[in-house]
Amino acid sequence: MTITITAFEKSPDGGKGLARDTRVRWALEEVGQPYAVRLVSFRAMKEPAHLALHPFGQIPTYEEGDLALFETGSIVLHLAERHAGLLPRDANARARAITWMFAAVNTVEPPILDLSAARVMERDKSWYEDRLPLVMDRVRGRLNQLSARMGDADWLDGAFSAGDLMMVSVLLRLRASGILDEYPNLAAYVARGEARPAYQRAFEAQLAVNTAPPKG
Ligand SMILES: N[C@@H](CCC(=O)N[C@@H](CS)C(=O)NCC(=O)O)C(=O)O
């Protein structure tokens, strides 16, 4: 059955891999599932056809036969449950990997998104310079804890899993801020994720979309 995901026609990051279709592409590559991509404009994302797939008018979405999903955590979990490669067989290890997926999107991603939003949307506010250090310290608070837990391990809990895929995807957004470099073990962790052939294929695929010459 063909899997189709949606992605930005033109990603605001110009192909740095921060748009969330990249993590879904990465999961698809890890489990060896071919997929098609339907590109959508910002306008089309808010129109009824797309809203029927994604109530919040965002990307990515995932379609497979009569199944339609949104939310990257859910899409990656769906893939990890149906195909080998992203979740351990042992029930407890599996539950722990899923816990890390939730930790990535629920606990680590929010302060990182807050920092991105501040940088993009609050720069012209009189209070920007006062607030920014507070936002950055909230990110550091989470990274301190994550870094302490990881120590010198390669992955969060034994072998690479969907938990790592989500966590690395979330941490990648910090690269431009320089904060990640304050945590050598986390910077190395992210680099290990990016070095995976499946990530490379996912990254190249989204980059190709964003560097293609305009159709005309
Ligand atoms: N929690 C959602 C977030 C989805 C999301 O924020 N998508 C962004 C692209 S990375 C988007 O579509 N932004 C455009 C908008 O919200 O209008 C997920 O993980 O799938």
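In which helix is the place of serine 169? Serine 169 belongs to helix 7, which spans residues 162-172; helices (H or I, at least four residues) and strands (E, at least two) are DSSP runs, numbered from the N terminus. The structure is a predicted model, in which local features need pLDDT of at least 70 and side-chain atom pairs count only at pLDDT 80 or more, while totals for chains, interfaces and linings use all residues. Residues are numbered from 1 along each chain as its sequence is written, and side-chain values use heavy atoms, with hydrogens and water left out.

**The ligand and its surroundings**

- The ligand sits in the largest pocket. On a 1 Å grid over the protein atoms alone, a pocket is an open set of points where a 1.4 Å probe fits, with protein on both sides within 12 Å along at least five of seven lines. A molecule sits in a pocket if more than half of its atoms lie within 2 Å of its grid points.
- Around the ligand are Phe8, Ala19, Arg20, Phe42, Met45, Lys46, Gln58, Ile59, Glu71 and Thr72; a residue is near a molecule if one of its heavy atoms lies within 4 Å of it.
- This shell consists of 5 nonpolar, 2 polar and 3 charged residues. Ala, Val, Leu, Ile, Met, Phe, Trp, Tyr, Cys and Pro count as nonpolar, Asp, Glu, Lys and Arg as charged, and the others, Gly among them, as polar.
- A nitrogen atom of the ligand lies 2.8 Å from a backbone N or O atom of isoleucine 59. An N or O atom in the side chain of glutamate 71 is likewise 2.8 Å from a nitrogen atom of the ligand.
- An oxygen atom of the ligand is 2.6 Å from a polar side-chain atom of threonine 72. On its own the ligand has 510 Å² of accessible area, and the protein covers 78% of this; such areas come from the Shrake-Rupley method with a 1.4 Å probe, and for residues only the protein chains shown count as cover.

**Backbone features in the loops**

- The peptide bond that leads from isoleucine 59 to proline 60 is cis, with omega near 0°. Proline 60 is placed in the loop between helix 3 (48-51) and strand 3 (61-64).
- Glutamate 71 is not a glycine, yet its phi is positive, at about 75°. This residue lies in the loop between strand 4 (67-70) and helix 4 (72-82).
- Glutamate 71 counts as partly exposed because its relative accessibility is 43%. Buried means under 20% relative accessible area, exposed over 50%, and partly exposed in between (1.4 Å probe, protein chains only).

- Helix 1 (residues 21-30) is mostly covered, as 9 of its 10 residues are buried. These buried residues include Asp21, Arg23, Trp26 and Glu30.
- After helix 1 comes glycine 32, which has a positive phi near 70°.
- Threonine 6 is part of strand 1 (residues 3-8). Its relative accessible area is 0%, so threonine 6 is buried.
- The side chains of threonine 6 and threonine 61 are joined by a polar contact of 2.7 Å. A polar contact is a pair of N or O atoms within 3.5 Å; within protein, one must be able to donate a hydrogen and the other to accept it, and residues adjacent in sequence count only if both atoms are side-chain atoms.

- Valine 108 lies in helix 5 (residues 91-121) and counts as buried because its relative accessibility is 6%. The C-alpha atoms of valine 108 and methionine 167 are 8.0 Å apart in space, although these residues are 59 residues apart in sequence.
- Alanine 118 is also found in helix 5, and its relative accessible area of 1% is why alanine 118 is buried. Between the C-alpha atoms of alanine 118 and alanine 91, which are 27 residues apart along the chain, the separation is 40 Å.
- Serine 169 in helix 7 has a relative accessible area of 12%, so this residue is buried. A polar atom of its side chain lies 2.6 Å from the backbone oxygen of leucine 165.
- Leucine 171, found in helix 7, is buried because its relative accessible area is 0%.

Note on methods
1 Å grid on protein atoms, 1.4 Å probe; cavity = no way out; pocket = protein on both sides within 12 Å on 5 of 7 lines; lining within 4 Å.
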